[in-house]
Amino acid sequence: MSGNLNRDIRTLTLPEIESFFLENKEKKFRAKQVYEWLWKKQCLSFQEMTNLSQETRKFLADHFRFPVIRTDTEKRSADGSVKLLFRLPDDLVVEGVLIPVEDRTTACISSQVGCPLGCLFCATGILGYERHLTFTEIVDQVILLNNLSLRDQGIPLSNIVYMGMGEPLLNYDEVMKSVERITSPDALGMSPQRITVSTVGIPRMIKRMADDDVKFHVALSLHAATNLKRNQIVPLNKKYPLEDLVEALQYFHEKTGKRITIEYILFRNFNDSLADAKDLAVFCRNFPVKINLIEYNPVKGSAFEKPDPQKTAAFHDFLERKNMVVNIRKSRGKDIEAACGQLAAKKERL
C-alpha cells in the first residue's frame, strides 16, 4: 500500500488495514485492534489507542493522517439546547446542535461548510458555500455531540437529523458513507430509523435514494406549496419545480414504502393563510406524509417575520380537518441562534 502518508486512516476498510500490517511484517490481529479504536471506541488520535505499543502508534502516525474536527466554542440556550462550533482540520468551521427533550437527545449535524442553494430565509444560505464535508467530518460531529449528551444528560443520542448547514443530497456519497458508519454494528451501531436526512428537494437524488433502498427517514423542506411562492424563497425550485419533486417523491414512496416528512416554515403574510394551507393539503395528497409546521426564527439579513399565533393555529387546524398528520414544532435554541435556519458558523476564534 504505497502512498499511505496522505491517506486518512479512517477511509481504510478492515481488510486494507490488515494488508498494511502484513505488508509491513506486523501481526494481522493488530488491524482489528486499530479498527475497533477507530469505530467502536471512537478515538480521535493514535495516542488514544492504549492497547498498542508506543512504537506501533508512532508507526501508524508515520504512515497515515488522522484528521479530526474539534469543538471550538460552545453556547448554551435557556431551553437546554447546546450549539457547538466545530473547527475542521483545514480551519473552516461548521455548527452542530444538541437538543435535549425530556428523556431524549437529538443531534442536528451539518453536511457542508455553508450552502450553495441560497434560500432567502436561511442564515446558512446567506453565508454562502465553501466545500463538502467528508464522511469522517460528519461522523465526528455525531461522536462529539454524543459525548456531550452522555456528559450532560447521562444518555447517548436518541436521534440524528441532517438539518444543519448544507444540502445533504449535494454531498450524497459522503453523507451515505457517514450513515453507513453511524449505523454499522462495527461502528456507532445506531438504528437508521433514528436518522432523518432533510433536503430542499433534488429529484434525481431523491430517486437515487429510493434505488439505494435507504432505511433512514427523509424530510422535505417545502415552505411553499405553489411554484409561484416557492420560486421566491427557494431558488432551486426554478430548476426543479414542484411537479418534478412530486414525481420523485412518489417514486421514493413506491420503492421504499416510507412516509415523507414535510417541513413547512410559516412566514407572516407570505405562506400562512388558509389558502396556503389548502395548497399544502393538495400537495400532500400525492403520497403519505407527516407535516411539521415550524416557527420562523429571525435571521439577520432576512425580511421575513414570525406569523401571528392565531394564524398558525388556524393553519394547523385546517390541515387536521383534512385528516393530515400535522404537528407544530417548537423551535429550540433561538436565543443562541441554534434554531432552524439560524446556523451560520461565525468564524470567530476562541
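This is a predicted model: local features need pLDDT of at least 70, side-chain atom pairs count only at pLDDT 80 or more; totals for chains, interfaces and linings use all residues.
Close-up 1. The view here goes to the second largest cavity, with about 40 Å³ of space inside.

**Close-up 2. What lines the second largest cavity?** Around this space sit A224, A225, T226 and K229, along with Y264, N271, D276 and D279. Sorted by class, that lining comes to 3 nonpolar, 2 polar and 3 charged residues.

**Close-up 3. Helix α7 beside helix α9.** Here we look at α7 (residues 203-211) and α9 (residues 242-256), whose axes come within 9 Å and cross at roughly 5 degrees. Angles under 35 degrees count as roughly parallel, so α7 and α9 are roughly parallel to each other.

**Close-up 4. Who touches whom between α7 and α9?** On the α7 side, the contact residues are P203, I206, K207, M209, A210 and D211. They meet D244, L245, E247, A248, L249, Y251, F252, K255 and T256 of α9. By class, this contact has 9 nonpolar, 1 polar and 5 charged residues.

**Close-up 5. The buried residues of helix α2.** Helix α2 spans residues 29-39, and its buried residues are A31, Q33, V34, Y35, W37, L38 and W39. An α-helix has 3.6 residues a turn, so residues three or four places apart point the same way.

Note on methods:
Residues are numbered from 1 along each chain as its sequence is written. Side-chain values use heavy atoms; hydrogens and water are left out. On a 1 Å grid over the protein atoms alone, a cavity is a set of points where a 1.4 Å probe fits but cannot get out, and a pocket is an open set with protein on both sides within 12 Å along at least five of seven lines; lining residues have an atom within 4 Å of a point. Grid points are joined across faces, edges and corners, and a volume is the space filled by probe spheres set on the points. Ala, Val, Leu, Ile, Met, Phe, Trp, Tyr, Cys and Pro count as nonpolar, Asp, Glu, Lys and Arg as charged, and the others, Gly among them, as polar. Axes are lines fitted to C-alpha atoms, for helices over the stretch in contact, and angles run from 0 to 180 degrees between N-to-C directions. Helices (H or I, at least four residues) and strands (E, at least two) are DSSP runs, numbered from the N terminus. Angles under 35 degrees count as roughly parallel, over 145 as roughly antiparallel, 65 to 115 as roughly perpendicular and the rest as oblique. Contact means heavy atoms within 4.5 Å. Buried means under 20% relative accessible area, exposed over 50%, partly exposed in between (1.4 Å probe, protein chains only).
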